[in-house]
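Hello,

Here is the structure I said I would pass on. My notes on it follow below the entry.

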Amino acid sequence: MSASWIGIDVGGTNFRIGVVQGLHVVWEKRFQADFAHLCRTLPPAEVLHAILSILGDAIAEAQAAHPAVEAAGVGFPGFIDPVSRHLLSSPNLPGLLDADIVRPLESRCRLPVVLENDASAAAWGEFVIGGKVGDLVYLGLGTGVGGGLVLNGRLHGGAHGVAMEVGHLIVEPGGRLCGCGNRGCLEQYASTNGVVQSYLETTGITRSAFDLAGLAAQGDGAATKAFALAGEHLAGALAHIAKVVDVEEVVIGGGMSASWPLLHPAFEQRLRCDLIPALRGRVRVRISQAQDQAGIIGAAMLSESSVRFRA
């Protein structure tokens, strides 16, 4: 029987778990668990207990479906300490500070567990799916904006676990207040929440990002403007990232990548303007083809690497 690994991709409003064999997800389930809501309504200790319980139940369900799984990887939104592997903090899940997620899950599920930033896990997933060739930047557009970087065949998390936190690049000085404590961060404009806020500021009406995509496709001016602003700011941030890391490929994923046609015109125009001449036309940007499974596959493959390293 082929070795199998569990991968979990945690978001602010839901999470998905899968069992991976080779590079194929052979079992998958989505859970509606609004962790962001829990963080707004419960004390931090209760939130952590609830998250661990929910994730533990999900892992147990995966183990029941595939008893031979060897380890689990969890991609979690936030800053992961490279030494302790604790969750230092999470701008989109406020109140979780220096949280130990690994050891309680290992104790309950009796499996090795690896914790990684969700966008970094997705970056690794894109890298291994692509045959582990070249350097890669991943930008995940969802409730927030995450980033991951693979250089020289290795996931780069930085000395303090905050490398590629591109969602917190400031694109509008003095702009919207962000969960990280700064103002004007990229994810306040280029995420689903950012698009919702842009539309609200223009119209005074709150609609979901999904509904706004439909309105923009029908030619609604305010919705179209909200997505254009997201694309413009994303490109401006990427132009700066490219000047620093100069990778061959940029992959854009996450739930809002499904609305890429609405972001792309403004994105392309801004990227052409902001890239230095030496990079114009040479930065390959593509939408993820992983059917939104890069985070699951990446987390699972990171758990595989960890187990093989320990052995």
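Helix α2 (residues 44-65) lies across β1, β2, β3 and β4 (72-76) and runs at about 30° to β2. Contact here means heavy atoms within 4.5 Å. Axes are lines fitted to C-alpha atoms, for helices over the stretch in contact, and angles run from 0 to 180 degrees between N-to-C directions. Helices (H or I, at least four residues) and strands (E, at least two) are DSSP runs, numbered from the N terminus.

This is a predicted model, in which local features need pLDDT of at least 70 and side-chain atom pairs count only at pLDDT 80 or more, while totals for chains, interfaces and linings use all residues. Residues are numbered from 1 along each chain as its sequence is written, and side-chain values use heavy atoms, with hydrogens and water left out.

The open sheet has five strands in the order β3-β2-β1-β4-β7, and its pairing is mixed; two strands pair if DSSP finds at least two bridges between them. At the edges stand β3 (24-31) and β7 (113-117), each with a single partner strand, so one side of each has no neighbour in the sheet. From one strand to the next the twist averages 20°. Strands β1 (residues 4-10) and β2 (residues 15-21) run antiparallel and are joined by seven bridges. Within β2, G18 is the residue opposite G7.

α2 and α3

Helix α3 (residues 102-109) packs with α2 at an angle of about 40°, the axes being 10 Å apart. That makes the two helices α2 and α3 oblique to each other (angles under 35 degrees count as roughly parallel, over 145 as roughly antiparallel, 65 to 115 as roughly perpendicular and the rest as oblique). The crossing of α2 and α3 is right-handed; a crossing is left-handed if the near helix is turned anticlockwise from the far one by less than a right angle, and right-handed if clockwise. From α2 the contact takes L52, S53, L55, G56, D57, I59, A60 and Q63, and from α3 it takes P104, L105, R108 and C109. By class, the contact of α2 with α3 holds seven nonpolar, three polar and two charged residues. Ala, Val, Leu, Ile, Met, Phe, Trp, Tyr, Cys and Pro count as nonpolar, Asp, Glu, Lys and Arg as charged, and the others, Gly among them, as polar.

The other sheet

Another open sheet of five strands has the order β10-β9-β8-β11-β12, again with mixed pairing. Its edges are β10 (154-155) and β12 (284-287), each with a single partner strand, so one side of each is left without a neighbour in the sheet. Four bridges link β11 (residues 249-253) with β12 in parallel, and R284 in β12 is the bridge partner of E249. Helix α8 (residues 221-245) packs on this sheet and touches β8 (136-141), β9 (145-151), β11 and β12, its direction making about 160° with that of β8. Helix α9 (residues 260-274) also packs on the sheet, where it touches β8, β11 and β12; its direction makes about 170° with that of β12.

Strand β11 also pairs with β8, in the parallel sense, over five bridges. V251 is the bridge partner of Y138 and stands opposite R286 in β12. Five of the five residues of β11 are buried (under 20% relative accessible area, with exposed over 50% and partly exposed in between, for a 1.4 Å probe and protein chains only). Both faces are covered, with E249, V251 and G253 buried on one side and V250 and I252 on the other.

α8 and α9

The two helices α8 and α9 pack at about 40°, with their axes 7 Å apart, and are therefore oblique to each other. Their crossing is right-handed. Residues of α8 in the contact include F227, L234 and L238, and those of α9 include W260, F267 and L271. The contact of α8 with α9 has 13 nonpolar, two polar and four charged residues.

H168

H168 lies in the loop between β10 and α5 (187-190). Its relative accessibility is 16%, so H168 counts as buried. Beyond its neighbours within four places in sequence, H168 is in contact with F79, P91, C178, C180, C185 and E187.

Regards
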